[in-house]
Amino acid sequence: MREVEKMIQQRDRYKEQFQEATEVLANYIKELQKIRKYFMDIASENSREGKSEKAMALQAMRYKKLEDDNSRLRSLLKTQLENSENLRVETQHTIEALREEFDVLVKELISFRNKERENKAHPEGSKEEGSDDLAEKSVKKASSSQAKIKRSIPKLKL
């Protein structure tokens with residue numbers, strides 16, 4: 001039974017290799033057709049102008065180099081765009097996490113403030129003077145900071 005599974009896996013690998021080889025061969029044939037067409041165009045143009053085969057070959061090599069450079073640059077651009085998108089998504093997740101964390105902190109401060117008010121209404125416990133003011137200032141500051149953050153960082157749409 002294991003031998004059959006191994007043979008199936010090997011067959012699948014061979015199919016993948018065959019597909020890759022077919023794609024490479026198709027690209028190679030397209031490239032050869034482009035070069036042939038270019039040579040034919042140059043040959044007809046140069047025969048009218050009286051240029052030598054060496055000049056035609058040199059021009060064809062330059063053309064090929066430019067095409068290769070263009071393809072490499074397109075590949076690099078595609079990679080840069082993918083990296084940029086990944087960075088944007090990562091930044092969006094970070095912003096959302098920071099917003100959630102900030103909301104939790106504001107809720108904790110409000111809870112702290114409410115407890116301080118309860119302690120003020122029922123002064124049976126010991127507390128320090130001015131802790132209510134500190135709590136109120138902290139909550140106000142946190143609320144204003146939260147509003148500023150929400151205004152300055154608009155939500156990014158994925």
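A salt bridge here is a side-chain nitrogen of Lys or Arg within 4 Å of a carboxyl oxygen of Asp or Glu. By that rule the count comes to 6 salt bridges, and this tour stops at several of them.

Before you click on anything, know that this is a predicted model: local features need pLDDT of at least 70, side-chain atom pairs count only at pLDDT 80 or more, and totals for chains, interfaces and linings use all residues. Residues are numbered from 1 along each chain as its sequence is written, and side-chain values use heavy atoms, with hydrogens and water left out.

**Whole protein, as cartoon**

Helices (H or I, at least four residues) and strands (E, at least two) are DSSP runs, numbered from the N terminus.

Now colour by pLDDT, the predictor's confidence in each residue, from 0 to 100. The mean for the protein is 78, and 74% of its residues reach 70 or more. Among the elements, helix α2 has the highest mean pLDDT (86), and helix α3 (residues 131-152) the lowest (65). Where pLDDT is low, the predicted coordinates should not be read in detail.

Switch to a surface. Of the 158 residues, 10% count as buried (buried is under 20% relative accessible area, exposed over 50%, partly exposed in between; 1.4 Å probe, protein chains only).

Arg-11 and Asp-12 form a salt bridge, with the closest N and O atoms 3.4 Å apart. Arg-11 is partly exposed at 45% relative accessible area, and Asp-12 is partly exposed too, at 33%.

Leu-25, Tyr-28, Ile-29 and Leu-32 make a nonpolar surface patch of about 400 Å². Patches are made of residues with over 30% relative accessible area and no salt bridge: like charges are joined within 9 Å, nonpolar side chains (Val, Leu, Ile, Met, Phe, Trp, Tyr) within 5 Å. Tyr-28 sits in helix α1 (residues 2-49).

What links Glu-31, Lys-64 and Asp-68? A network of salt bridges joins these three residues.

Asp-69 and Arg-72 meet in a salt bridge of 3.0 Å, N to O. The two are 3 residues apart in helix α2 (residues 53-121), so about one helical turn separates them. Asp-69 is partly exposed, at 23% relative accessibility.

Glu-85 is partly exposed at 38%, and Arg-88 is partly exposed at 26%.

Notes
Accessible areas come from the Shrake-Rupley method with a 1.4 Å probe; for residues, only the protein chains shown count as cover.
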